[in-house]
Amino acid sequence: MDVELLIGIFPQVLLDGIILGFMYALIALGYTMVYGVLEFINFAHSEIFIVGAFVGVEVMLGLKSVGLLESLPWPVVLILVLLAGMAGSGLLAVTVERVAYRPLRNAPRLIPLISAIGISFFLQDMIRLFESLWRNAFNLVYPTLDVLNLRFELTETLDVSVKSLVVIVGALLMLWALHLIVNRTKVGTAIRAVAEDQAAASLMGIDVNRIISLTFLIGGAMGGAAGVLFGVQYGLINPYSGFIPGLKAFTAAVLGGIGNIPGAMVGGLVLGLLEAFAASYLSLLTGGAFGAEYKDILAFSLLILILIFRPKGLLGEVVRERA
Amino acid sequence: MIQALLSVGLVAGSALAVATFPRSVLVFLLFQGSLLFVYRARIPEWLRWSLLAAALLVLMPVIGYFNSYYLEVATQVGIFVALALGLNIVVGLAGLLDLGYVAFFAVGAYSWAIVGSPHANIIFGGGFPLAGWWFYVFLLVGLAVAATTGILLGLPVLRLHGDYLAIVTLGFGEVIRVLANNLDKPINFTNGPKGITPISRPPTPFGLPYGEYFYFLALLIVVAVVIVNRRLEDSHIGRAWEAIREDELAARAMGVPLVRMKLMAFACGASFAGVMGVLFSAKQVFINPESFTFLESIGVLAMVILGGMGSIPGAIVGATVVTVLNLQVLKGFSLWLNELKNAGVTVLGYSLADLPTQFEPAKYERMVFGVILVLMMIFRPQGIFPARRRQRELGG
């Protein structure tokens, strides 16, 4: 075993893990916020996330076709794309809640979950339908901005590209904004109140339906931002590429304690790091017997183990059981 | 009397129509619809069952003789009916939402595929594939292996309820798929994404062609599964399952052994999938992990939900409708569109030839499943043919 190699790649793996972790954290927020107010797994969140990526790529391609992609300063382009992705995903999340979840709010618990699975599948093929009619292709590539691919060599073995920095900075900004909204504003107080006790919140004059819509909007927008960052970072997207990251992000949310916003961030980072290390080291340590593909098994086994042994997660409060 | 005449007429007429237009999907759908009519019609029992038997045992193979694709569809329907009935036990009766059900199907399929093909020589040395008659033994082995897998999954998740259980089973299904995809090293068990082929088939009795053979075998298994299901439903086990579904706490207070009953539900549901997995691998001759994705799990779930959770006729109808929708309606529409395209037809001044090439209607299975799930949940959560007990509950 080449110990020097193992140590040598360590910083790079750490960096990759952090990037992945922030991505998961952003997506996990959507799951956790909705679970906080409704105690319901929004299974369609993985598609809400990937819709953000598609809105982003459409805006970029649109800018490119009118020649603005190169002429606008690149931070402006990125902010535009990010805002568009957030708006698209946020509005979609609100619509989905209105159409497919709200009528089922008082139904037995499995009914809205099954409806959410249905929405998830429906959205995957809707994206495919739209893109294949509009572009005659549903595997889309993010247009590259030259500046994003610049790399800084920090040490001999560690370099970081501008787009990785964009992802990290973007994710941190989002998380900070969310923190402000939830903890420092009236709306945030209302969201926390509804999560605590819907009936009492409505007695205090809070419009519960509006707050639930708002929760979906914010969670969806976070997912949309994650979608755009995902596209910028990895380049290639297709209508089905949201599913696995979505499931991983859900794992992250559960890992941190579902319903708990800081928990989602912690869970995302932990899972991202675990996966990055598994992907790079597993095959090195086992002499190629177990490859990077086993990182998926690692994530799902982790999910299963947490749900069984510590369902409240790392930072979670006690989860109430409801039949 | 009128209904009796109508039943006989419909079955005979639609069968004749299929013989006259062997390529028309619509006519074949009419044939299937006539069976449903016979099942629901107010006619004497002996007439009902002899009509159904005649249609399934005689007419269907004859249709298959003229157009083997229909026999293929019918066999697929049979496979999915058994899967839907198995999932129906877990989800419908016991109320345990299993999102990784196809894993058991995969376990059954791989159990025969590995030893029924030369592939096993890599693992165990020489002597494989096993002779064709081992297939029948492996129908039982597949059942046992899948049931054991069901218990192994059930044991750790006993404490979980509702949506957490659903997610864990989903994770389990994904783990099985990833394993099937990657267990080609260090020891090559599954040959990874390339899959296993050729898988041996049993010798057929009376020189039956394989199309007919697998159709009859699937039908036989489906009948066995239906009988087992019916017996279970009204037994103390079935009642215990339903008690658990309705209120776990109350069921336990009434002395229902939760652990045993839940494990039994997982094992029973899994065993049906295991048997069909063995049949599937022999029928296909080739299997790879692509056949055992989350999409298939949700497809089977959509069948159960469409028909009505906990309802046996519901699961059968649901499986038939969804399979036919996927295999025939979507594909038929796709072919028809292509013909129109090639003929240069224009609709409202828009030439169909300009349709993007990536627009392939046959590929929209997920949309079908999704629409079924959402619409059923919102408008008719009890399904098309609600379970009798549930119907009584909802009827007040």
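**View 1. Contact of H8(A) with H10(A) in a predicted model.** Val187(A), Ala190(A), Ile191(A) and Val194(A) of H8(A) meet Val208(A), Ile211(A), Leu214(A), Thr215(A) and Ile218(A) of H10(A); contact means heavy atoms within 4.5 Å. By class, this contact has 8 nonpolar, 1 polar and no charged residues. The axes of H8 (residues 186-196) and H10 (residues 208-234) of chain A come within 10 Å and cross at roughly 105°. H8(A) and H10(A) are therefore roughly perpendicular (65 to 115 degrees). Helices are DSSP runs (H or I, at least four residues) numbered from the N terminus. Axes are lines fitted to C-alpha atoms over the stretch in contact, with angles from 0 to 180 degrees between N-to-C directions.

**View 2. Contact of H2(A) with H11(A).** The axes of H2 (residues 10-38) and H11 (residues 243-256) of chain A cross at roughly 70° and come within 8 Å. H2(A) supplies Tyr24(A), Ile27(A), Ala28(A), Tyr31(A) and Thr32(A) to the contact. Residues from H11(A) include Pro245(A), Leu247(A), Lys248(A) and Phe250(A). The classes are 10 nonpolar, 2 polar and 1 charged.

**View 3. Lining of the largest pocket.** Leu52(B), Leu56(B), Leu219(B), Val222(B) and Ile316(B) lie nearest the pocket centre, among 43 lining residues. H9(B) gives the most to this lining, with 12 residues. The lining divides into 36 nonpolar, 4 polar and 3 charged residues. Lining residues have an atom within 4 Å of a point of the pocket, an open set on a 1 Å grid where a 1.4 Å probe fits, with protein on both sides within 12 Å along at least five of seven lines.

**Notes.** Residues are numbered from 1 along each chain, and chains are lettered from A in the order written. In this predicted model, local features need pLDDT of at least 70, side-chain atom pairs count only at pLDDT 80 or more, and totals for linings use all residues; side-chain values use heavy atoms, without hydrogens or water.

Key: Helices (H or I, at least four residues) and strands (E, at least two) are DSSP runs, numbered from the N terminus. Ala, Val, Leu, Ile, Met, Phe, Trp, Tyr, Cys and Pro count as nonpolar, Asp, Glu, Lys and Arg as charged, and the others, Gly among them, as polar. Angles under 35 degrees count as roughly parallel, over 145 as roughly antiparallel, 65 to 115 as roughly perpendicular and the rest as oblique.
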